[in-house]
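Here are my notes on this model, point by point. Have the coordinates open while you read.

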Amino acid sequence: MKVVAIVPAAGLGTRMRPAAPEKTGTSRKQFMLLDGSPILLHTIRKLLACPLIDEIFVALRREDLRWVGELIQAELPAKPVHLVEGGETRQESVEKALSVVDPDTDLVVVHDAVRPFIDLETIEKVIREAAITGGAIVGIVPVDTVKQVHLTKVRATIPRDHLILAQTPQVFRFDILREAFEKARQDGYVGTDESSLVERLEKIDITVVLGSDRNIKITKPSDMELARFFLAEEKAKAQAQRGS
Ligand code: C5P
């Protein structure tokens, strides 16, 4: 079974304060530094550590291809990491990467560059599930009550027992994902995740693998504080494991 991962990392990070550049000279969230390394690199390390993933494709803005490529090569990756120029939307970035994936690929794992706290166990679980069903995504159950609103007025309360907050990784059979992207393009549909595109095919039942609320999507400046805390915990855990 050939499994490739696609990491969309070509976003502009407009929800981060533009006036808060860290050492990389950028406020784009995928490049903000955590313990001296850009968030993207932490995320790639997790995918490199997963034995089920054979190759990684990273979608980047053109101006980032060279320096990010050098940074990744410095990690001495034990599997091929290909860099692809991304597009104007997340969907376009993933589509561009998908277009250069080897046609004999069985499964595609799409994982946001800005979710560095995904754990190995969950990556493996969602890949194994997708191998059986054709598609699986990681999600968590909401703890807040969800309201439907119009402007500032509450219109309805959405029953929580049928809701999942979709995260990544999202894993699909290569042929299904390609078809989903083709259909989205034909219909002019733009989604915020891969699952929404595959759902429109009405071809498979996509399963949900329960994840963790630690798998945060680093989106706003305050997420960095939580990220530093999680990273310190991860490091302490790894150290304890090495010591035992
Ligand atoms: O835009 P959003 O916050 O949903 O971004 C999720 C992921 O998609 C991020 O890792 C971001 O870098 C990536 N992205 C991309 N190309 C774009 C926009 C976002 O690869 N044009």
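1. Start with the helix pair: H3 (90-98) passes H5 in a left-handed crossing, meaning that the near helix is turned anticlockwise from the far one by less than a right angle. Helices here are DSSP runs (H or I, at least four residues) and strands are E runs of at least two, numbered from the N terminus.

2. A caveat before going on: this is a predicted model, where local features need pLDDT of at least 70, side-chain atom pairs count only at pLDDT 80 or more, and totals for chains, interfaces and linings use all residues. Residues are numbered from 1 along each chain as its sequence is written, and side-chain values use heavy atoms, with hydrogens and water left out.

3. How do H3 and H5 (residues 174-187) pack? Their axes are 11 Å apart, at an angle of about 130°. Axes are lines fitted to C-alpha atoms over the stretch in contact, with angles from 0 to 180 degrees between N-to-C directions. The two helices are therefore oblique to each other (under 35 degrees is roughly parallel, over 145 roughly antiparallel, 65 to 115 roughly perpendicular, the rest oblique).

4. On the H3 side, the contact uses Gln 91, Val 94, Glu 95 and Leu 98; H5 brings Phe 174, Leu 177, Arg 178, Phe 181, Ala 184 and Arg 185. Contact means heavy atoms within 4.5 Å. Sorted by class, that gives six nonpolar, one polar and three charged residues. Ala, Val, Leu, Ile, Met, Phe, Trp, Tyr, Cys and Pro count as nonpolar, Asp, Glu, Lys and Arg as charged, and the others, Gly among them, as polar.

5. Two backbone details to check. Thr 168 and Pro 169 are joined by a cis peptide bond, omega about 10°, and Pro 169 sits in strand E10 (residues 165-173). Asp 35, not a glycine, has a positive phi near 55°; Asp 35 lies in the loop between strands E2 (33-34) and E3 (37-38).
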